[in-house]
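Hi,

Here is the model I promised to pass on.

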Amino acid sequence: MKEQVSILFPPDLEEASMIICWQGDPGKLGSLVSKFLLDHLKARIFGEINPEHFFTLAGVIVEDDIAQFPVSRFYAGQRRDIVIFESNQPQIERYRFLSCLLDTGEYYCRVKEIYALGGISTTIAHTSPHRLMVVYNQPELRDKLQQFELVATNWEGPPAVNSYVLWLAQRRNTPAISIWAEVAFYLAGVGDWKAVKSVLSFLDRRFGLGFDFSTIDRQIKLQNEQLVRLREQNPEVDRYIRTLEVGLSLTEEEQLSLNGSVSDFLG
Amino acid sequence: MSIKIYQELFLRSPDLICGWPGIGRIGILAVDYLRRAIAATEFAEIEPWEFFEPRRVVIQEGLLKRVDFPENKFYYRKFDDRDILLFIGEEQPASGGNLYGAGEKAYRLANLVLDVAEKFGCRRVYTSGAAVTQIHHLLKPRVWAVPNDSDMIAEIRNYENTVLMSEVEDRRGQGMITGLNGLLLGAARKRGIRALCLMGEIPYYLQASPWSYPAASISVLEVLNRMLQIDIDLIPLHEMAKKVNESIEAFLTNLYESDMIPPQIRTQIRDSIEKMKSIRQSSGPITEEDRRLIMEHIDELFKKGEKGDERTS
C-alpha cells in the first residue's frame, strides 16, 4: 500500500463513515455531491491514491476547455466521523485500487461503514421524484436504514464499481451500502441537481449534518426554469418530457433527440 | 493471492493437463472433455480476484448476494498406475495493456499452477491450444507438439499424427507459442519441470470464428489418450465436430454467394479454400495474396468475440 497511497498527514478520525463519490457518473452526481460535502464540512485533503498504478495516463482528457487528470483523494473535515473519498474510477487494476481504498480507510480512518454513491440514468422526467436505490452488503443494514425511503434493487449482470466495493468490504466484514440516485437520462451529461439533492438529503438525515440546501435549491430552480424555456421554444422537447411525466416511454430515437436538445441547450 | 486446496491428496507421479480458452477453444474443450470423461473431482482453486475482473453480480432485494469471477480450478483422478491432475481456467489474465495470457499477471498465474504441480510431484505438465495453419476443415488436424526439454523429442516422434516444429512445413523448428500455453512451458523450464504443449491445427480462415473447433480437440485428445495411457471415448466429440463442420460448410456456402463480396473475389476465395482439401502445406498451394483476400473478407463476416490469444506464429 505504501507506494500506492500518499498520506499528507494522519487525519483525526474516529469510527468514521466513508463516503465514496466517483467523478464522471450520470448526472455528475459524484462530483457535485463531493463538492458540496467538501465545502460544507470544510474538509481538507489528507491523502491520495497515486494514479500511475491505476490509470493508463495516456495523455489527458479535456473537459469544458480544461485539461483533466485522474484524482483519487481522501478528505476529512469538521466531523471526526466522516471521511470523503473522491475519485475517478480506476481504469486498470480495480482489485488493487479498491483494496488500497479499503486499506487506507481501515488503517488511517478506522472506517466503520461505507457509503458508495452513484447516479443511475433512468427514463424519468426531471420533474418527477428522484428515488434512491440501495444495495447492502449485510442484511442487518436493511433494518438500520429502514427509516429512509430507499428502494431495494434487484440486478444480475456486470458489476458496477460500487458493487465491487461492497463485495470487498463484505469480505472484510465491513458494512457497506451503495446508494444510487435516479437521474433523468437527458440530464446525465449536464448534471441533475434534483438527484444531487436527494443524495445530500439522505446524508444530511443519516449523519445529522444540518445542511443548508439553499444553494442546491437555487440550482434546481434555475435548471427547471431553463428547461421550461426550452420546452416553450421546442414543442418536440415538451412532448417528450410530457410523455415521461405521465409515465410512458420514448423510443430510442426520441430519447436521443431529447438528450441532444437538452445537452445543446444546457451544455 | 492464494491457492485454496479443499482436500489433501496423495497422488502417484501425476501428470497435469491445463486448458484455457483460446482460438477455437481447442485446449479448454479437450481438457474439459477429459475432465468429464474420467470423472475427475475438483479439489483446489486459484483465487481469481487479483487476476480477473468480476463477470457478474447478483443483487436480490437490495442485498448483495454474490460476485462471480472467472474460475480457475484443479481436478484429480486416481488411476491404478499413475494419477491425473487437471487445471481449467475460464479466462487468460492480461495486465499492463498486454494481450490475454501475457504480462506480469499471466506469469504469476502460470507460477501458481506450477506450485500445485510441484506440490503434488507432477511428472509432466501439458498445455493445449491452437496451431493456426493452412489446412482445410475437412482434413484431420495434426497436433503440433512443443516440449520444453529435448528429452521428450524421441517420445513425441513415436506418436501418430503428431509433429514437431521441425516437421511442420517451412517451420524449420522455429515458432512462437503465445498466451499461457507458451508462458507455462517457459516457467516450467525455468523450474526444471518437463512440460509439453499440444496444439491442434485449425484452418486460418476459422481463427476468428465464434465456433469451437472440436476436430482439433479430438486430435489433441487422441495424443493424450496414448501419452497418459487412458482410453476415453471420443464419439460424442466426433458428433459435435460433425455438427460444427456442417455450420462451417453452411457459412462458406453463404460466403461464396455473398453479395457483399465482388464475384471475382468470391471465386478466388472458394478456389483457394477448396485447393486445401487435397494438399496440406503451410505455404502453398495458395499464395500469400490468396490468404490475405480470404482473411479480409471472412473477418468481415464473422462476428468477432473476446477470446484468449493463443497461437503459434
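Before the counts, one term: by a polar contact I mean a pair of N or O atoms within 3.5 Å, where one must be able to donate a hydrogen and the other to accept it, and residues adjacent in sequence count only if both atoms are side-chain atoms. Keep in mind that this is a predicted model.

Let's start inside chain A. Domain 1 of chain A brings 17 residues to the contact and domain 2 of chain A brings 18. Together they bury about 1500 Å², and carbon and sulfur atoms account for 71% of that. On the domain 1 side, Phe185(A), Tyr186(A) and Trp193(A) provide 41% of the area buried against domain 2, more than any other three residues.

As for polar links across that boundary, there are 4 residue pairs in polar contact, both at pLDDT 80 or more. The biggest giver on the domain 1 side is helix H5 (residues 193-207) of chain A, with 5 residues. That side is made up of 10 nonpolar, 4 polar and 3 charged residues. The rule finds 1 salt bridge across the interface of the two domains. Lys197(A) pairs with Asp217(A) in a salt bridge, with the closest N and O atoms 2.7 Å apart.

Now for the two chains. Chain B puts 21 residues into the contact and chain A puts in 25. About 2000 Å² is buried between them, with 54% on carbon and sulfur atoms. From chain B, Trp49(B), Ile59(B) and Leu64(B) supply 30% of the area buried against chain A, again more than any other three residues.

There are 4 salt bridges between chain B and chain A. Arg94(A) makes a salt bridge with Glu53(B), the closest N and O atoms being 2.6 Å apart. On the chain B side, the elements giving two or more residues are strand S4 (56-60), strand S5 (63-68) and helix H2 (104-119). S4(B) gives the most, with 5 residues. Overall, the chain B side divides into 10 nonpolar, 3 polar and 8 charged residues.

One more thing to look at is S4(B) itself. It runs antiparallel to strand S11 (residues 155-157) of chain A, and 3 bridges join the two. Within that pairing, Trp155(A) stands opposite Ile59(B).

Cheers

Definitions and conventions. Residues are numbered from 1 along each chain as its sequence is written. Chains are lettered from A and ligands numbered from 1 in the order in which they are written. This is a predicted model: local features need pLDDT of at least 70, side-chain atom pairs count only at pLDDT 80 or more; totals for chains, interfaces and linings use all residues. Side-chain values use heavy atoms; hydrogens and water are left out. Contact means heavy atoms within 4.5 Å. Buried area is the accessible area (1.4 Å probe) that two parts lose on being put together, summed over both. A salt bridge is a side-chain nitrogen of Lys or Arg within 4 Å of a carboxyl oxygen of Asp or Glu. Helices (H or I, at least four residues) and strands (E, at least two) are DSSP runs, numbered from the N terminus. Ala, Val, Leu, Ile, Met, Phe, Trp, Tyr, Cys and Pro count as nonpolar, Asp, Glu, Lys and Arg as charged, and the others, Gly among them, as polar. Two strands pair if DSSP finds at least two bridges between them.
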